[in-house]
Amino acid sequence: MTERIVRIAGGQGFWGDSLEAPRQQVEGGPIDYLMLDYLAEVTMSILQKQKERDPSMGYARDFVGAVESVLDAITDRGVKVVANAGGVNPPACAAAILHMAGERGQSLRVGVVTGDDLLPRLQQLVSSGHPLTNMDTGEPLSTVMNRVLSANAYIGSEPIVEALTRDAQVVITGRSTDTALTMAPMRFEYGWSADDYDRLAAGIVAGHIIECGAQCSGGNCLYDWRNIPDLANIGYPIIDAYADGTFVVTKHPGTGGRVSVHTVTEQLVYEMGDPRQYITPDVIADFTTIHLEQAGPDRVRVFGIKGSAPTDKLKVSIAYRAGYKAVGTLVYAWPDALEKAQLADRVLRERLDRLGLHFDEILTEFVGVSATHGPLSGDHSDAPEVQLRVGVRGDDRRAVERFTRELAPLVLNGPPSVTGFAGGRPKVEEIVAYWPALIDKTVVNPHVEVLS
Amino acid sequence: MNTRTVRLVDIAHARSGDKGDTANVGVIALRPEWYPLIERELTRDRVGQHFAGMITLGVDRFVLPNLGAVNFLLHGALGGGGTLSLKTDAQGKVYSTALLRMNLEVPEDEVERLGLPVVSDT
């Protein structure tokens, strides 16, 4: 008798990832769940701005196309989709999905998870004893309150499990922990309880492995990168999950990339703090208990994981306006490319000074010489070309804008052998910064609706 | 005691990422038997010195013997990090290979016993 497996395929590591991956995951072989992760740290603020301009927006619009590309797999093969594509407007996202399905003559059951959005209550929360102190700087949120654009609590797996229990075929959340998107299907299918910490932790680890898409299946892999096959057709990862919490990381046959102990280990240490305490709303996972074993070509077995009770807090992601920035570049060619670039930098800074322009930061880098490794880079003064890259940041938009007009004149007025300016004047960008905070679980109320 | 120069990049691979203004670098032994050497040599102070001039705050260090890896948190590494940073590597994605530039001086008998690749004498 073969042991039961639940197959969860990762089809999106971030909003902007491969458009083909969701479809390739359902077409490449049998899967039970398709997990899509659309939310980077400041994505919510971008979506919030969209919703302010148009109340029917505020979700990841690419998601509608992604679901459309796999609709037959959902209706005919019973594949389920779990995604945080709802952004700041999960109900609107669900409506768009239902509308798309209706146009294709299909009905769907769509689960919608809300309750993560704290923006409407933010002032009241701060006034009633929840300072939402910045986890990195220790400052209270009140210092930036009038610049806040969005505030969302990272919700765990329970609402997703509830939606699946209520027969949702597509589950749309707003902000939830990325790892919960993978762990929730495992928890639902195998009936893991809230205190089943070792298995919940295993689900979280599986989620951490596949949440960045192909970055665990041969992508961005330093080990033996020259020999990783067929990167143009890289296979996105799949978790084969067992009831006991062990699982195998793999990918569809006939795809490129590689799943090995090396590729999976690189992903495990990615964006890792204290490995013994990987904190999520559902469980604290101990990454020092993870064991990996190659179990055939492109199959890595993962086992031995231990977890413990979660904290009484949820992480909150808050986005706030933090000034403006612009980055401009010019390229200088041999001979003495670096020296010319350095002189251009001095000329530029002197001109900014003479114009009376003030910035919180001016940063100069010499790309091709020292931009990535700084003082560790060694001597490259004879480089064939050097890109001068200068960025400025500050609260005064006009000063940043004025800076963007000081690069082109250097072409005619500055050091020789300069090129690479055809891209035109750099753009001024508003900075939306990230404010991580904690809040008591008791004040966040997730809500699940299933629409059809 | 005679030592040989061993390049960290020849005995380990690594990946780095970010959390705010902190870069994390996970260094992974290419072979399990090379992990104890890496764990011994890559102390918090050593890594802090290696990155002098590149990071503005301190270093935290954690071990994962189960994976043959050591994880470093490099604070004040990313010019404010995220969208605030003006750096090319605002998200710390190439701090990994910056750490792998480190050279180790290893006793000759250990080099032989572990079969370590060494930098040839000039």
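**A serine side chain and its surroundings**

Author: In this predicted model, a polar atom of the side chain of B:Ser16 lies 3.0 Å from the backbone nitrogen of B:Ser96.

Reader: Which backbone oxygen lies 2.6 Å from a polar atom of the side chain of B:Ser16?

Author: The side chain of B:Ser16 has a polar atom 3.0 Å from the backbone nitrogen of B:Ser96. A polar atom of this side chain also lies 2.6 Å from a backbone oxygen, that of B:Gly92.

Reader: Is B:Ser16 buried or exposed?

Author: B:Ser16 belongs to strand β2 of chain B, residues 12-19. Leaving out residues up to four places away in sequence, its contacts include B:Asn24, B:Val25, B:Tyr95 and A:Tyr270. The cut-off for a buried residue is under 20% relative accessible area. B:Ser16 has a relative accessible area of 2%, so it is buried.

**Chain B as a whole**

Reader: What pattern does chain B follow along the sequence?

Author: Chain B contains five helices and six strands. Read along the sequence, they give the pattern β-α-β-β-α-α-β-β-α-β-α.

Reader: What is the radius of gyration of chain B, and why is the chain as compact as a globular protein of that length?

Author: For 122 residues the globule rule gives 14 Å, and the value for chain B is close to this, so the chain is as compact as a globular protein of that length. The C-alpha trace spans about 50 × 35 × 20 Å along its principal axes, and buried residues make up 52% of the chain. The radius of gyration of chain B is 15 Å.

Reader: How far apart do the centres of the positive and negative side chains of chain B lie?

Author: Chain B carries 13 positive and 15 negative side chains. The centres of these two sets are separated by 6 Å.

**Backbone geometry in chain A**

Reader: Which residue does a cis peptide bond join to A:Trp334?

Author: Most peptide bonds are trans. Here omega is about 5°, and the bond is cis.

Reader: What is the phi of A:Asp230?

Author: Most residues other than glycine have a negative phi. In the loop between α9 and β7 of chain A, A:Asp230 is partly exposed at 43% relative accessible area. A:Asp224, located in the loop between α9 (197-210) and β7 (238-241), has a positive phi near 55°. For A:Asp230, phi is also positive, at about 50°.

Terms used
Residues are numbered from 1 along each chain as its sequence is written. Chains are lettered from A and ligands numbered from 1 in the order in which they are written. This is a predicted model: local features need pLDDT of at least 70, side-chain atom pairs count only at pLDDT 80 or more; totals for chains, interfaces and linings use all residues. Side-chain values use heavy atoms; hydrogens and water are left out. Helices (H or I, at least four residues) and strands (E, at least two) are DSSP runs, numbered from the N terminus. The radius of gyration is taken over C-alpha atoms; the globule rule is 2.2 Å times the number of residues to the power 0.38. Buried means under 20% relative accessible area, exposed over 50%, partly exposed in between (1.4 Å probe, protein chains only). Lys and Arg count as positive and Asp and Glu as negative; His and the chain ends are not counted. The place of a charge is taken as NZ of Lys, CZ of Arg, CG of Asp or CD of Glu. A polar contact is a pair of N or O atoms within 3.5 Å; within protein, one must be able to donate a hydrogen and the other to accept it, and residues adjacent in sequence count only if both atoms are side-chain atoms. Contact means heavy atoms within 4.5 Å.
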